[in-house]
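Please look over the model below before reading on. The dialogue takes up a few of its features in turn.

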Amino acid sequence: MPGYVSGSTPAGLSNFEPDAQALTEAQRLTRSFSYKPRHGNPPRPIHGLFLMGSLGTLAQADQSDMDVWVCHAPDLGESALAELRKKCQLLETWALSMGAEAHFFLIEPTRFVLGERDTNSAPTIAAPPSITCCWTSSTAPPSGSPDARQSGGWCRCMKKPATPSSPTR
């Protein structure tokens, strides 16, 4: 598959199992692909994939690039992060070969909320000024707004009014 580095590269998206259509597309992409479901409760270090920027909105254009945030488990070691970075670089190269521009940013959610960034893959984009995210540690989703379950808490995205000094993109 495009982006394959090694068997020890972090892989596995939390709470995701490919359906028949996804498996068919993977097989079409790479004939030698064979899906092997993981048994038991193996670690799934990728907590979320988010398409950011204009392709994640109605403002997309033919020239729009793909900015993908790869939210990962906080306990990945330096060697695992290096392999994940390599995987993302290979996917960027593959996308270019397919006529698309993609950029992958490694995001560790807890550090991101605190304003800390991975200097090797710091996002160059920001969330729209009308959206803010916060993390809660409750065991149930907060009510009244879109939420996504993450290990140890919930990401709560809430609309807030844009301020005149908010940057625009």
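What follows is a tutorial dialogue on reading this structure.

Q: What kind of model is this, and how are residues numbered?
A: This is a predicted model, in which local features need pLDDT of at least 70, side-chain atom pairs count only at pLDDT 80 or more, and totals for chains, interfaces and linings use all residues. Residues are numbered from 1 along each chain as its sequence is written, and side-chain values use heavy atoms, with hydrogens and water left out.

Q: Where in the protein chain is confidence lowest, and where is it highest?
A: pLDDT is the predictor's confidence in each residue, from 0 to 100. Strand β4 (residues 131–136) is lowest, with a mean of 42, and helix α2 (residues 78–97) is highest, at 95. Over residues 124–169 the pLDDT is below 50. Where pLDDT is low, the predicted coordinates should not be read in detail.

Q: How many helices and strands does the protein chain have?
A: Both are DSSP runs numbered from the N terminus: helices are H or I with at least four residues, strands E with at least two. The protein chain has three helices and six strands, in the order α-β-β-α-β-α-β-β-β from the N terminus.

Q: Does L29 count as buried, partly exposed or exposed?
A: Buried means under 20% relative accessible area, exposed over 50%, and partly exposed in between (1.4 Å probe, protein chains only). L29 lies in helix α1 (residues 20–29) and counts as partly exposed because its relative accessibility is 38%. Of the 169 residues in the protein chain, 28% count as buried.

Key
Contact = heavy atoms within 4.5 Å.
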